[in-house]
Structures are given as structure tokens and as C-alpha cells.
Amino acid sequence: MEHTDGCDERLAAEGEVAVARLAMDSGDLPHAADHLADAMTTDPQLPELHEALAELWARAGGAEAARELFPLDGQVYLGTVVCRAHVEAAAGDWDAAVALLASAIQYEPGKPWAHTAWLGREDLPELVSPDAVAQAVMRAAGTLPDPLPEELRPAVQPFEDFAQAVVARHPDHPLLLAVVSGLTRRLGATARAVELAEHAHRLAPEYLPAVMLGNALRAHGEPDRALEVWEAELARDPSDTYLAVDIAELYGATGRPAEGLPWLDRVLATEPDHPKAGPALHGLRHAVDGGTAHLVALVDHYRAHPEHDYAPDLLARLCRRQPWLGMVPGATEATVNVLHQVLKSSDTGRDNEITCTVSALEPPSSLLALHLALPRATVEYRAVLDPDPRLPLREVGTRVWTYDGTDPRPAVAPPSASGAELVRGTAEIVWPSLPAAYDHAVRLAALPLDDLVGVLAHPPAPREEELGQALLAHQPELWVRAVQSFACLGIAHHRTDQPWEGSDRRRVLLDLLLGSEDWVVEAAGFALTAIGWTHPEVRADIAAQLRTRLRYSAEASQRREVTVLRSVCTLVLACPWLDEADLDLARRLIERDDLARAAEPAEEDEHREREAIEQAKAPAPAEAEDPEATGGRAAQEAEEAEEALEAEKATEAEEAAEPKPVAPRPGLLRRLLGRG
């Protein structure tokens, strides 16, 4: 049963204690013990619980006899373990009691298991074996996060206080000093951790004290001293390959990854299948070279060695907070900037009627974000700049948007209620890594394509949770982009029994990638990149498709703003198997964008946003041609002299045939690449 607050937990625990007392009154002590164990799991500090527990072992004939009521063989529940710890304490077997309490901390550190009177007894350090306490501390601390989050520290602190008291009683016990150093370090007292570990290392300059001293020094901000200790230990005993990996990664963490590579090379020379050195090598090479080539190599390594659990953990650390690799990036449209400004106002409500005017047509998904937070808001676009963003790059069978002039309309029906809800429960704004996001979206594999495509233009509201409501109140565009991204990952899982070439999933994702300019383009590129990371055999095909979108976006950005350009470049760079010319182009475009952002004064940006919010006296938007009745750019234009471009544009502007796909101009690309 799930309880929402402390009051509910206490009521539930009191109910379990009441049932236990009824069972005791009827003589059914095992039944009573089960209910007390349930109460212990719910509220381990409930006074009535401990009174009932004392009554139970009295009825059983003493604490020693009560051990049988809390057996530790077979399948054991956490509440049973903690009750048994209290029984052992009552029986005077302090080593067993401490060990069981440590086991409870190991499995659920956030519960106040250690907030018990007997653990704080002043004479307890004299009653326990330092060896037994050292083993208990290792058990408790071994799985704790390092450092321990602030919210978990109050629950664990009494156990650490007890361990320190035992250290004071046995100040020259190297094993105890070393392992308590690890617990103390996790609780943030790094100076004390160094003190304990240094003393342990002086007493016994061996493996465990050396490892713990290095960890303490690293946590205390002295990595070079940590390296000295660890390298000296490896000189003493070169057999510990895991310590060599730690040395290599500490060099990487201190900005010297190249100095760490030889340590890994030595490990792999003797152990080619080392479960940690192989992944770590890709991680350090990534730190040396940058880019994503070694991240993809790390994914390939894990595919070849699924038993190397360190690989996905390391990948998650390297992808954390990286656009598209570990999170959905933000949006830069003027519409979104206006939305943020409006949402900052304390008097903004969902019923506010806001009209803003934007100089040029923007991706229609930006309106989804606007209407998610402000359903009655309207946007007027003054013009459609060339090349027309409403037109696909080639003929497509799947269209998400259609237009009435500058007004976008969904070209797809809304998804089914069940389909929308499944996508709503699956979409995330952050994920551990591209393969992890791809795997997470497998739950969407059974949804019909109509649902997955429909949700791109009809996203559900954010989930009724703290994060979902925060997104709705402050950054609804992130939720829209998350929904679209995971819907496209769902498409990536559609009918995987079909060979990639000619499959429905390929056809639809390419239609979306090469369709009209929108956030959906980015989402489809994200899904294709994830497929490339996880399915090497299709990388060449994905490279060709991303190249087409990149080169069109690069050419278009010479004549108008392309808000999806940075995302397209980021996704291209996430596919290091593309040609170096494409990767170089993507890097140049991102550098150009960085320079433009740095050069734009913040006050000008704010002034532009304030102007856009003004509702009255805005000029009427210029008449825009309907893309269903105007001519598009001819596909695959031949290379021609740069001086002929303007004449060619004038000629094409007069065309009034059915729209045709738009393709990038090679001449302008040569300029971006520095080739002409």
C-alpha cells in the first residue's frame, strides 16, 4: 500500500499493531509477528510498535525464543529483518543486531532504522566486536550514494555516530578506521574521512586502507595526493586492475585524460575483456577527442559485451544534460520567447487573451506549446520568407501540418484516448542516454501509426505530477518536444519485423524528417539517430537522410532564420559515421550560431519580446501564398555560378505550379565549407 504522508503511514502502522495485538490475545504469535513486521516497514519509530514487540517476545518466553517468530531463512522481508534486529538487541547479541540494522540501511537508506534507543547506548561500543562493526559498516555503506543526498543523511546519521563511537573505543583497528572513513565521507565529513583513512593507512599500508584514503582525498579536493597513494599501492601490488582503472579515470576527472590512457592500455593488454577498463577507455578517449565517436564506440562495446554493466552507467554519465543525448533541448522561436515572458507575469492565467505578431512564419509546433499554456492566445505571422518552410524537401506521404495561408492546421486526426495516454505516460524531458531512451519507448511499439503520428500535432497535457505541472506553468514547449520525440521513438519500434529498407517505420520517419519545417523534423532526426546508435547496419542510410536535411537547412539559413538548424546540426554531430564534410559543416553552423547569440545584446532581445506581446495597433500580416497553390523550389538543382543565383530566384518566384520539394543549393554550401 502506498501512503502519501507521515500521517497516513502512522495510521497504517497503528492499524497493523492493533491487528497484531488481537492475534497475540488469541495466541497466534506468528500472525502477530507478521503484522508487527509490516508496521515496522511503514513506521519504524512508532512507540506503540515497540511496546507491542516487547510484549510479543515476553509472550514467546523471552527474546531468545522470539527469534523463531522472525526467521531469516528463505524469502525474508525488510520489516522482519528490522524486528529481528530489535529482538537480537533485547537478547544481548549486539553484533547480530548491528549487522541486521546495517542490512536494512543497505536496502532502504531513507528509513530511520538507526533511530533506535539501543544503538545510542553509551556502553554499546564496549559490547560489540570491532570486526563485526567493520563488516556491518561495509554492508551499510557499500551501496550508499557517494556523496549521500542531503535528504537521506538524517536517517543514516545515528549509525555513523555509533560507528564513530566504536572507532573511539578501538582507535588502532585499521579495518574499522578504513571502512568508517567511507561512511563518513558519504555523509560529507571529508576532512574527518581523510583523518581516519590516513591513520588506517599508517597502521596498515595495504590495499583497503590505500583505496579508502584515495577516495577520501579525492572527495576532499586533493586528487593529486589520491593519485600518489593509489599509484604507490599499484607499485606495491600491480595485480589490482580495478585500481588502475580508478587511477585512469581520476586523471580524466582532473582534466588530464591523456595521462590516464596508458593505465587502461596496460590493463587491457593483460585482460582484453576487463569489464570496466574497456568502457573506461572509450570514456577517456571521448574526453581527449570530444565529439560522439567514442560514445557510439561505447554503445557498440556494450552490444558486444552485455555483461559489462559499467558501460551503460558510464554512457549515462557522459550523456547527462547533453542536448538530444540526454535531454530534449529548448526552443528558440520568437513565439516561445513571448510565451516565457507572459508566463513570468504573476497575473497570467489560462484564460488570458493574448495576441502577438511575429515577423516571419515559425514552426507550427511552437503554437502547440503556446496553446498548451494559453489556449486563447493568437499569433499573426507577417510573412513567409524564402525558401518556403511550409514545403517538404521531397514528396512525402505523411504530412503533419497543412496551411491556410500562414495559419497551420493539423493534417492528421487526433490519436485515440488510450494511445494519447500511453504516450503521455512514456514521454520524458530527460533520459540516461540515446539507447536508454530508445529502449524506454518500446512500450509504444504496439500503438498504431495513426496514434503515433496523430500525437505529433495533438499532444496530451503534461502528467499530473510536480514536474508536469511545472512544465505547464513555465516551459510547456519542453513537454511538446518530449511528446514528439518519444512518439517518433515509438514509430522507430513499429513493425520491427519488417526489414529496415522498405519498412513502414523508415518511410514515416523519413517523411517527417524531410517534411515541412517544424519541431517534428527534430523529433524524427532524434529517433533516426537513436536507431543508428543501436543498429549499426542502417547507419549509412540514416547518414544520407540527415545530410539532406542538414544541407537544406544550411542553405536556407543564408536567407532566413531556421530555428531547427541547431538541433539538426547537433543530431548530425551525434552521428559520427557521417562524412567529415558534413560533420565539419555542422560544427561551423553551431559556431556561427554561438557567435550570433553572443553578439546579440540581451536588452534588444527583451525589447523584441515586449513588442511582440503588445496586442493593439499591430500591422496586419502580409498576404502569404498558400503552399498548396504556389510553386516550390525545384529539387536537385544543378551547380551553377554564384552570380546567377539572384536571376534564378526572380524566375522561380513567378512560377505558380503545384509545390515541389526544396533542395539545398550546392554553391552556398561550398561557401559554408570554405570551398569556393
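Is T116 buried or exposed? Before I answer, please keep in mind that this is a predicted model, in which local features need pLDDT of at least 70 and side-chain atom pairs count only at pLDDT 80 or more, while totals for chains, interfaces and linings use all residues. Residues are numbered from 1 along each chain as its sequence is written, and side-chain values use heavy atoms, with hydrogens and water left out.

T116 is buried, with a relative accessible area of 15%, where buried means under 20% relative accessible area, exposed over 50%, and partly exposed in between, using a 1.4 Å probe and protein chains only. T116 sits in the loop between α6 (94-107) and α7 (124-127), and helices here are DSSP runs of H or I with at least four residues, strands being runs of E with at least two, both numbered from the N terminus. If we set aside neighbours within four places in sequence, T116 is in contact with H86 and L101, contact meaning heavy atoms within 4.5 Å.

Let me turn to the strands. Strand β1 (residues 355-358) pairs with β2 in the parallel sense over four bridges, and two strands count as paired if DSSP finds at least two bridges between them. Within β2 (residues 378-381), V379 and Y381 form the covered face, whereas T378 and E380 form the uncovered one; E380 in turn stands opposite T357.

As for the whole chain, its secondary structure comes to 33 helices and four strands, and 51% of its 676 residues count as buried. Among contacts between residues at least 6 apart in sequence, 69% join residues at least 24 apart.
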